[in-house]
Amino acid sequence: MKLYYARGACSLSDRIALHEAGIPFVQERVDLASGLTETGRNFRELNPKGYVPLLVLDDGRTLTENVAVLSLIADRAPHLQPEGDLGRIRLLEALSFISSELHVAFKPLFRESGQTRREAALNRIAGLLQVLAGQVRGDFLLGGRFTVADAYLFVVLRWAGQFGIVVPARLTDHFRRVEARPLVRQSLREEALPPAAAIGRIGSGLAAGALGEVLRSASAARAR
Ligand SMILES: N[C@@H](CCC(=O)N[C@@H](CS)C(=O)NCC(=O)O)C(=O)O
């Protein structure tokens, strides 16, 4: 498989999930500002949607949309799905919430937008995080087992911390637990991202370089 990614972006969750699944993959970085990959290809020729993640399967078929990409990884590595008869459905429920509510709520922060919209986004994200905190079922979001939803939540919590959004204690604990996983630390190293300890307590509002890079890239891409 091949993962097209941008540093610190939602594609970090796919990197983590692939590693946790034990699925070998190669990678190529995408510069969202220029629209070029690190080998100089026009990324839109590979993915007309213009955004990461893009996963290329071994047979050449491509997959986009983080919910789909993480679902595929979980299908190939059932230990990354929650247990129970509703496990697969609970996973879809959690991934959908993180993607279509939480991730999307960051969009006004990722692009140039006015103060009112930014404040509304910050409040919305804080409210969504409260909802999620109330749903944590155990050590991880969906119970005692780490799932691909935890990888996605981890990435979104990184963003929340970097924007200074107060993260509920239950999710801060979750973040620490996920970040302590060796393959998560490896994934951060692979994208040259500092662990949270190096960027300050989550929720402290300290900005990290990689997120700034993603934001600048996304804004520039939209301005094109
Ligand atoms: N609907 C897509 C959205 C993915 C997305 O927002 N990717 C961001 C990085 S986290 C991106 O590549 N943004 C660049 C752009 O939209 O121009 C998904 O869920 O996978």
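Mentor: Two strands pair if DSSP finds at least two bridges between them. Keep that cut-off handy while we go through this predicted model.

Trainee: OK, how do you know that β1 and β4 pair, and in what sense?

Mentor: Set the count against the cut-off: β1 and β4 share three bridges, and at least two are needed, so they pair. The sense is antiparallel.

Trainee: What makes β1 and β2 a pair, and which way do they run?

Mentor: Four bridges join β1 (residues 2–5) to β2 (residues 26–31), against a requirement of at least two. The two strands run parallel. On the β2 side, K2 stands opposite V26, while L3 stands opposite Q27.

Trainee: And how do you know that β2 and β3 pair?

Mentor: Two bridges join β2 to β3 (residues 36–37), and at least two is what the definition asks for. These strands run antiparallel, with V30 opposite T37 in β3. They form a hairpin with four residues between the strands, where G35 takes a positive phi near 75°.

Trainee: What is the order of the strands in the sheet?

Mentor: The open sheet has five strands in the order β3-β2-β1-β4-β5, with mixed pairing.

Trainee: Why are β3 and β5 said to stand at the edges?

Mentor: β3 and β5 (62–64) each have a single partner strand, so one side of each has no neighbour in the sheet. As for what packs on the sheet, α1 does, touching β1 and β4 (54–56). The direction of α1 makes about 150° with that of β1.

Trainee: What makes β1, α1 and β2 a unit of a particular hand?

Mentor: Point the strands away from you and follow the path from β1 over α1 (residues 11–21) to β2. A clockwise path is called right-handed, and this β-α-β unit is right-handed.

Trainee: Which residues make the contact of α1 with α7?

Mentor: From α1 come L12, S13, I16 and A17, and from α7 come V148, A151, Y152, F154 and V155. Eight of these residues are nonpolar, one is polar and none is charged.

Trainee: What about the angle and the hand of that packing?

Mentor: α1 and α7 (residues 148–162) pack at about 145°, with their axes 8 Å apart. The crossing of α1 and α7 is right-handed.

Terms used: Residues numbered from 1 in each chain as written. Predicted model: local features only at pLDDT ≥ 70, side-chain atom pairs only at ≥ 80, totals over all residues. Axes fitted to C-alpha atoms, helices over the stretch in contact; angles between N-to-C directions. Left-handed = near helix turned anticlockwise from the far one by under 90°. Contact = placed C-beta atoms within 7 Å. Nonpolar A, V, L, I, M, F, W, Y, C, P; charged D, E, K, R; others polar.
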